[in-house]
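Subject: Structure for you to look over

Hello,

I am passing on the structure below, with my notes after it. Please read them with the model open.

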Protein chains: 2
Amino acid sequence: MPYPDKFTGFQVNGPETWTEFHKNEFQPKPFGDYDVDVKIEACGVCGSDVHTISGGWGEQHFPLAVGHEIVGTAIRVGPKVTLIKEGERVGVGAQSWSCLDCRQCKNDNETYCRQQLDTYGAKWPDTGIISQGGYSSHVRTHEHWVFPIPSALPTAHAAPMLCAGLTAYSPLVRNGCGPGKKVGIVGLGGIGHFGLLFAKALGATVYVISRTHAKEADARAMGADGFIATSDENWNEPHVMTFDLIINTANSFEGWDINKYLSLLDVHAKWVSVGLPEGEDGIKVRNQTFLGNGCFFGSSHLGSRREALEMLQLAADKGIKPWVEEVQIGEESLKKTLLRLEGNDVRYRFCLTGYEEVFGK
Amino acid sequence: MPYPDKFTGFQVNGPETWTEFHKNEFQPKPFGDYDVDVKIEACGVCGSDVHTISGGWGEQHFPLAVGHEIVGTAIRVGPKVTLIKEGERVGVGAQSWSCLDCRQCKNDNETYCRQQLDTYGAKWPDTGIISQGGYSSHVRTHEHWVFPIPSALPTAHAAPMLCAGLTAYSPLVRNGCGPGKKVGIVGLGGIGHFGLLFAKALGATVYVISRTHAKEADARAMGADGFIATSDENWNEPHVMTFDLIINTANSFEGWDINKYLSLLDVHAKWVSVGLPEGEDGIKVRNQTFLGNGCFFGSSHLGSRREALEMLQLAADKGIKPWVEEVQIGEESLKKTLLRLEGNDVRYRFCLTGYEEVFGK
């Protein structure tokens, strides 16, 4: 079978019509020596997809096919590729390039490279071509951002790990999550449920922190050791200065008393936010905000290739089962699925499948 | 000589008349088994003193003698005291009590004990007596917060180390300051100049970050390896992602582009604020604020007894010389000195001396 010259994807034309998907052909960037072409079989649906096409994160390049939780088959590998074999089942996440030469790149911090490019919506510097995501027939990616998928992992379970999973996994392992540690996960959504599953798999005692008790049964079913609802009176008091790490996956600080949340942390312990709110959402802090326990407040961006491989192996070894709802890819189902995601009507991740039916074998 | 029943201090009656000092007798808390009475010989003048008596930090208990950078002679020790000998030259800083029993206290984190009490302005739980600071003849303090002063340190140099010095030293040693590290000190005031001196003594490469070049010559004279003025165009660009640690001693975020400051930090490196602004001063942050380098933003409160002893020994061993202007204690000089401090007219710390002249031998 000849390699395809052009790929096909479900693109959106702009934020005014962000629920209307059009099946278009598009030109990928020129095939490079280190590139891998992946024939896509599944793609998770990430909150980023909605933020991007609905305009919540500001101006974007259209038409655009989003999707950055991709699993498929490597059908073509460049002449210098050593990490991936043709025919292998592989994944691609939210990042697709960095310089691989700077201090950050050489130190497993390629997500913090100043030249990093996203899997969709980024302009390739040499050609001006806009990168297109996994709501498509194929994706062309440098081998460094293509990850072999362990055979024990179902495709629809592996796909959402490549953004949501890695976003939760990286700050956990970088900040000491493990046996004997008490870890909090704020917000039980797509990323939060991976935070809970991975923190448990890493051996920590894990509490989910949510606005109400609505998701408590689900959290317990996923293995949570405890559940804290911030609508309860004095909810923080029994846990003051007892958490070693808190990963915040919530999408907004609206209505928060941040002092109560931070009071949960042990001395010098860390709060790591991984959600990326829209617009001007933020929170005012004073030096005094962090003074009671000398805690630290920060963010984390995805994770490295090394961490992606470790995470997939951990998921395979421990039999981690994310809660995934499979959806047939197509114009109508994309519209319905993204509107449901925007309304938080998902427990806990959508994954698009049935690619052969719309893009062929 | 009999022990004094009452102590004498220069007290302020309230924020409306905060520059008027009255020499009053006051009743210290009852002498406890672990207490040490210190006859004061010198006391540094801290920005906290102004914030407290001028009402900038909110309501206080008056009349009040402030001052928490105290050096003097231990003239009486309780029957259970083992850490301090009568006749020894000792110091007392900004904290004077904690439970010594909780997890924080048992882990060199007594400054984060939920029951900690300040050297001045705190209500002793048993008696309701308000603690009085070092603008006084004596101070009565639990031995854990009384520190022997190494003989090589002049009294007027040791005193300002007990708040300003320790406030800078603790976050440096807790966050890896040492050879091979690039450390930034934001603001060259009382605390900032100690930050520079200690970071250099610990072996780091140290940059001072200031609004203008006005203090560059002083910073270089104190040993700074570099100086960054935030009024220069693109001031951050040559240093993006190169700092391992930044200690922020500035008293306000007014007019700051916080993104430029944080851009200086290496991946996951820490920003630690130690100043405590008045009123509602603060800064709005978003998760995106910390995303470019995954940096962490926090505060630090003083330091532990162990760190105070280490800091004093380091200062003695390395011959560290803070820039101190000595001032005779007294009603008029206090008024003049605190007004100068409020106007930032000090390079870089005032220390009150001449106690015998006003309180007797």
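In this predicted model, strand E16 of chain A, residues 296-299, pairs with E16(B) through three bridges, and the two strands run antiparallel. A:Phe297 has B:Phe297 as its bridge partner in E16(B).

Now the extent of the interface. The size of an interface is often given as the accessible area lost when the parts come together. Here chain B and chain A bury about 3,800 Å² between them, and 54% of that area is on carbon and sulfur atoms. Three residues, B:Asn287, B:Leu291 and B:Phe296, supply 18% of the area that chain B buries against chain A, which is more than any other three residues give. In residue terms, the contact takes 47 residues from chain B and 46 residues from chain A.

As for polar interactions, 17 residue pairs are in polar contact across the interface, counting pairs with both residues at pLDDT 80 or more. On the side of chain B that touches chain A, strand E14 (265-273), strand E15 (283-285) and strand E16 (296-299) each supply at least two residues. E14(B) gives the most to that side, with seven residues. Sorted by class, the side of chain B that touches chain A has 17 nonpolar, 19 polar and 11 charged residues. Between chain B and chain A the count is four salt bridges. One of the salt bridges joins the side chains of A:Arg114 and B:Glu237, at 3.1 Å from N to O.

Some backbone details are worth checking by eye. Most residues other than glycine have a negative phi, and most peptide bonds are trans. Where do the exceptions listed here lie?

- A:Phe62 and A:Pro63 are joined by a cis peptide bond, with omega about -5°. A:Pro63 sits in the loop between helix H1 (47-53) and strand E4 (70-77) of chain A.
- B:Arg347 and B:Tyr348 are also joined by a cis peptide bond, with omega about 5°. B:Tyr348 is in the loop of chain B between helix H8 (331-342) and strand E18 (349-353).
- A:Leu302 is not a glycine, yet its phi is positive, at about 50°. The loop that holds A:Leu302 runs between E16 and helix H7 (305-318) of chain A.

Please send me any comments.

Regards

Note on methods
Residues numbered from 1 in each chain as written. Chains lettered and ligands numbered in written order. Predicted model: local features only at pLDDT ≥ 70, side-chain atom pairs only at ≥ 80, totals over all residues. Heavy atoms only, no water. Contact = heavy atoms within 4.5 Å. Buried area = accessible area lost by both parts, 1.4 Å probe. Polar contact = N/O pair within 3.5 Å; in protein donor to acceptor, adjacent residues only side chain to side chain. Helix = DSSP H or I, 4+ residues; strand = E, 2+ residues; numbered from the N terminus. Nonpolar A, V, L, I, M, F, W, Y, C, P; charged D, E, K, R; others polar. Pairing = 2+ DSSP bridges.
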